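Please find below a colleague's note on the structure shown here. The points are numbered so that each may be taken up separately.

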Amino acid sequence: MEIERKFLMEQKPQGLPILEQAVVYQGYLCTKPTVRIRKKQVANNVPTFRLCIKGKGTLCRTEVETDLTEQQFTELCGLLSREMVRKDYTVYALPDGKKLEYSVVDSGKLTSFCYAEVEFSSTEDANAFIPPEFLGREVTEVPGFTMSDYWEETSKSSDKG
């Protein structure tokens, strides 16, 4: 079960310790239900490849992930309808010990945006979380703010071009 809250951000958080930085490429084989493939490259490490299936929901939803080989990933890339989305991904430590996952999506493109997610171990923990002001507008329950929604929207505009 994935339990997370999502926030739109204008800029990177300042003054928080960085736990991880990576470049992530992801594409969607299907958006209803969400079936995603992802390549994650952390500097000086071998890339990892994952298949993820997500159920319906906003704050809470079923998420099933499994590792892929590079060959499996490459074969699945051939099924994508367009180029993958790039995310410049940074994980920060929040003062309360939680992790803030910050992403810049498709940097340099007109559709680029920044968002952050905070994951929780329970819905009670998620509901009790008081977001720091720098997190910006919360979009956890707002329709249209998932990465699969972004994939669908930008696929429509790339089909026109």
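Which side chain does K156 meet in a salt bridge?

1. The partner is E153, and the N to O distance is 3.4 Å. Please bear in mind throughout that this is a predicted model. K156 and E153 both belong to helix α3 (residues 147–160), where a spacing of three residues separates them by about one helical turn. K156 is partly exposed, its relative accessible area being 47%.

2. Side chains of opposite charge can pair when their charged atoms come close. The structure holds 15 salt bridges. One of them is formed by K54 and E2, with 3.3 Å from N to O. K54 is part of strand β4 (residues 48–54) and E2 is part of strand β1 (residues 2–9), so this pair ties together parts that lie 52 residues apart in sequence. K54 counts as buried at 9% relative accessibility, and E2 likewise counts as buried, at 5%.

3. Nine of them form an open sheet with antiparallel pairing, in the order β5-β1-β9-β8-β7-β2-β3-β4-β6. At the edges stand β5 (60–61) and β6 (63–67); each has a single partner strand, so one side of each is left without a neighbour in the sheet.

4. How many residues of β1 are buried? Seven of its eight residues are, and the strand is thus described as mostly covered. Strand β1 is joined to β9 by six bridges, the two strands running antiparallel; within this pairing, F7 has A116 of β9 as its bridge partner. Strands β1 and β5 also run antiparallel and are joined by two bridges, with I3 standing opposite C60 of β5.

5. Further along the sheet, strand β2 (residues 18–31) and strand β7 (residues 85–93) run antiparallel and are joined by eight bridges. Within this pairing, Q26 has V85 of β7 as its bridge partner. Helix α1 (residues 70–77) lies across β2, β3 (34–42), β4 and β6, and runs at about 130° to β3.

6. The largest nonpolar core has 17 residues, of which L100, Y102, V118, F129 and L135 touch the most other members. Strands β1, β8 (99–105) and β9 each supply at least two residues of this core. Leaving out residues up to four places away in sequence, V118 touches I3, E4, R5, F7, L94, K98, K99, L100 and F129. Another core, of 15 residues, lies apart from the largest one; V35, L68, M84 and Y115 are among its members.

7. Where is G136 found? G136 belongs to the loop between α2 (123–128) and α3. At 46% relative accessibility, G136 counts as partly exposed. Apart from its neighbours within four places in sequence, G136 is in contact with F7 and L8. The C-alpha atoms of G136 and A116 are separated by 9.3 Å, the two residues being 20 places apart along the chain.

8. The cysteines remain to be discussed. A disulfide is a covalent bond between the sulfur atoms of two cysteines. The count of disulfides here is zero, the cut-off being a pair of sulfur atoms within 2.5 Å. C52 counts as buried at 1% relative accessibility, whereas C60 counts as partly exposed at 26%.

Methods:
Residues numbered from 1 in each chain as written. Predicted model: local features only at pLDDT ≥ 70, side-chain atom pairs only at ≥ 80, totals over all residues. Heavy atoms only, no water. Salt bridge = Lys/Arg side-chain N within 4 Å of Asp/Glu carboxyl O. Helix = DSSP H or I, 4+ residues; strand = E, 2+ residues; numbered from the N terminus. Buried < 20%, exposed > 50% of the residue type's maximum accessible area, 1.4 Å probe, protein only. Contact = heavy atoms within 4.5 Å. Core = buried A, V, L, I, M, F, W, Y, C linked by side-chain atoms within 4.5 Å. Pairing = 2+ DSSP bridges. Axes fitted to C-alpha atoms, helices over the stretch in contact; angles between N-to-C directions.
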